[in-house]
Amino acid sequence: MFKGKTAWFSGSVGQGVTSFWVSEGGALSSWRTADYLFSADASSEDTERIYESEDYVENRATVFHSNFVSACKPRQSVKSVPIGHYVLPPASIQNELRVLIGRFIWETDEQVMSEEQINT
Amino acid sequence: KPPSASKPRGLRCAGCVKHMNEMDSRSFGAVLRSCRFQCDFHLVLREAEDRFRRSQQLKRTSHTLTHTHIHTHDKNRKSTSEDTERSKREKHRLSHQTSDRCVSLTPLRRPREIHSVR
Ligand SMILES: [Zn+2]
């Protein structure tokens, strides 16, 4: 599923997600060179470093929530999961965004996932 | 059907419909920017991120300014009142920017509590 793609995973991302990425053919890389940047916590130190980087300021380093990778698993396709909805913005602007848009998709996903786990 | 001229609510934009093979962390910003309009979600996201970026840039500029000042003072042992005024204003503006970003603590909506019992 992830063949030919490189990703960086924050330390806040669970090992299971990283393993799934690799098992589906994805490669791992440093945060400066990876095609995809994944984090589960915008306020973790390694992720904040990205928000402070020149790449981010120049709009060349969007961080996605690692729940995107988990969401691809049951669907067995990257084309049916809208990655553009999994943007993980800096922690300091998340609250002002919640006022305008409600919950982020990666927050609702967590609920759905845990309900699925209960049912199975 | 051709898209209507006015922007309907709930419309999906390039940020919504392009999948992983069509954009990554490096190109997402450019994809959103090149899109003629954004859906409500991507519009507010882009505006908030842009504001954050501007405040990051301001932080960098002020660091450089402070550094230059120290350097100048070391060399000439003289500080003009104009310099001091400028750096004061810079700091003032910065503290405003920072507090702007952190003011709102919002209560999260709890959909389960909305159900009313007659
Ligand atoms: Zn959109």
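Modeller: Before we start: in this predicted model, "buried" means under 20% relative accessible area. By that cut-off, both B:C39 and B:H42 are buried.

Biologist: Fine. What makes B:V31 count as buried?

Modeller: Its relative accessibility is 14%, and the cut-off is under 20%, so B:V31 counts as buried. You'll find B:V31 in helix α2 of chain B, residues 28-34.

Biologist: And which residues does B:V31 touch, not counting those up to four places away in sequence?

Modeller: B:A14, B:K18 and B:M23. Contact here means heavy atoms within 4.5 Å. As for B:G15, its C-alpha is 7.1 Å from that of B:V31, though the two are 16 residues apart in sequence.

Biologist: Back to those chain B residues. Which atoms coordinate the zinc ion?

Modeller: SG of B:C13, B:C16 and B:C39, plus ND1 of B:H42, at 2.0 to 2.3 Å. A donor has to sit within 2.8 Å of the metal, so these four qualify. Their spacing in sequence reads C-x2-C-x22-C-x2-H.

Biologist: Why is the site of the zinc ion called tetrahedral?

Modeller: The angles among its four donor atoms run from 99 to 127°.

Biologist: Now the largest nonpolar core: how many residues does it have, and which have the most contacts inside it?

Modeller: It has 49 residues, and those with the most contacts are A:W21, A:F38, A:F68, A:V69 and B:M20. Helix α3 of chain B, residues 40-76, gives the most to this core, with five residues.

Conventions. Residues are numbered from 1 along each chain as its sequence is written. Chains are lettered from A and ligands numbered from 1 in the order in which they are written. This is a predicted model: local features need pLDDT of at least 70, side-chain atom pairs count only at pLDDT 80 or more; totals for chains, interfaces and linings use all residues. Side-chain values use heavy atoms; hydrogens and water are left out. A nonpolar core is a set of buried Ala, Val, Leu, Ile, Met, Phe, Trp, Tyr and Cys residues joined through side-chain atoms within 4.5 Å. Buried means under 20% relative accessible area, exposed over 50%, partly exposed in between (1.4 Å probe, protein chains only). Helices (H or I, at least four residues) and strands (E, at least two) are DSSP runs, numbered from the N terminus. Donors are N, O and S atoms within 2.8 Å of the metal (3.2 Å for Na, K and Ca); water is not among the atoms, so sites may look incomplete. Four donors count as tetrahedral if all angles lie between 85 and 135 degrees; four count as square planar and six as octahedral if opposite donors are over 155 degrees apart and all others between 65 and 115; anything else is irregular.
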